[in-house]
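Please look at the sequence and the 3D structure shown here before reading on.

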Amino acid sequence: MKRDFSPQEWEAASLLARALGGVDQLVFPENPIKILIIKQRSGNIGEKVGYVSSEDSTDGEERYNIYAYGIDRYLEAIIKRSQKVVVMFDDQGRMVELEDLPLLTLKVLVIGTAAHEVRHRLQGYRRIRMFGPADADNETLSPRTRAHIGLRKRFPASEQRDPAREFDAKVIELLAEEICYEEGDLKENMANLLLNKD
Ligand SMILES: [Zn+2]
């Protein structure tokens, strides 16, 4: 199996799998689910990692899918993009301080992605307060996250099956990235974040 992947694809996919497994275990310690690393491309354009609910799963078992085809180049491209100077505006058109925009590292990107997918699993399990466009004014969030929310509000992502859930998971992804940058108790903070606990 392993030899079907390039070493770089395998390394990137297993890094993601470890992050996903770690975050999933934090939030669902009793019931962590399977992670499949799949060689081919996903049927959905651009999708490299996805949570699959039991209803959507062919064998009735929920799981996470990681599509390894080109995943190393995909992650690299995201990191490169983040290293360009980006000027962001919040919902009121104010420029967000550039020092609030740390560069992505591979570790931060992978943890953010894992938090995003585990959040999708949580969305189907319990009533959580989902983040939405109104959180552009949520003062408890960082300027960076509020600016992202403002941008998404103005330019909603198209072709999403469930835009409200995608919006919420994206906000969690950004917040998880921030936890990663602060040298706090990553484990505890991450679980509290995903469960909307203070
Ligand atoms: Zn998503």
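This is a predicted model: local features need pLDDT of at least 70, side-chain atom pairs count only at pLDDT 80 or more; totals for chains, interfaces and linings use all residues.

Residues are numbered from 1 along each chain as its sequence is written. The chain has 6 helices and 3 strands, where helices (H or I, at least four residues) and strands (E, at least two) are DSSP runs numbered from the N terminus.

**The whole chain**

- Read from the N terminus, the elements follow one another as α-β-β-β-α-α-α-α-α.
- Of the 198 residues in the chain, 30% are buried; a residue is called buried if 20 or more other C-beta atoms lie within 10 Å of its own, exposed if 12 or fewer, and partly exposed in between, with the C-beta atoms placed from the backbone.
- Among the contacts between residues at least 6 apart in sequence, 69% join residues at least 24 apart; two residues are in contact if their C-beta atoms, placed from the backbone, lie within 7 Å.

**The sheet**

- The 3 strands form an open sheet with mixed pairing, in the order β1-β3-β2, and two strands are said to pair if DSSP finds at least two bridges between them.
- The edge strands are β1 (34–38) and β2 (49–52), each of which pairs on one side only.
- Neighbouring strands of this sheet are turned against each other by 20° on average, with direction ignored; axes here are lines fitted to C-alpha atoms, for helices over the stretch in contact, and angles run from 0 to 180 degrees between N-to-C directions.
- Strands β2 and β3 (residues 63–67) run antiparallel and are joined by 4 bridges; within this pair, Y51 stands opposite Y64 in β3, and V49 stands opposite I66 in β3.
- Strands β1 and β3, in turn, pair in the parallel sense over 5 bridges, and the bridge partner of I35 in β3 is Y64.

**Two packed helix pairs**

- Two packed helices are described by the angle between their axes and the distance between the axes.
- The axes of helix α4 (residues 143–154) and helix α5 (residues 163–181) come within 10 Å and cross at roughly 155°.
- Helices α4 and α5 are therefore roughly antiparallel to each other, since angles under 35 degrees count as roughly parallel, over 145 as roughly antiparallel, 65 to 115 as roughly perpendicular and the rest as oblique.
- In this pair T145, H148, I149 and R152 of α4 meet F167, K170, V171, L174 and L175 of α5, and by class the contact has 5 nonpolar, 2 polar and 2 charged residues; Ala, Val, Leu, Ile, Met, Phe, Trp, Tyr, Cys and Pro count as nonpolar, Asp, Glu, Lys and Arg as charged, and the others, Gly among them, as polar.
- Helices α5 and α6 (residues 186–194) pack at an angle of about 160°, with their axes 10 Å apart, and that makes α5 roughly antiparallel to α6.
- On the α5 side the contact is made by I172, L175, A176, I179 and C180, and on the α6 side by L186, N189, M190, L193 and L194; these residues divide into 9 nonpolar, 1 polar and no charged.

**Two buried residues**

- D135 is found in the loop between α3 and α4, and D135 counts as buried because 21 other C-beta atoms lie within 10 Å.
- Not counting residues up to four places away in sequence, D135 touches L141, I149 and V171.
- D135 and A147 are 12 residues apart in sequence, while their C-alpha atoms are 10.0 Å apart in space.
- R119 lies in helix α3, and R119 counts as buried because there are 27 C-beta neighbours inside 10 Å.
- Leaving aside neighbours within four places in sequence, R119 is in contact with D168, A169, I172 and L194.
- R119 and A169 are 50 residues apart along the chain, and their C-alpha atoms are separated by 5.9 Å.
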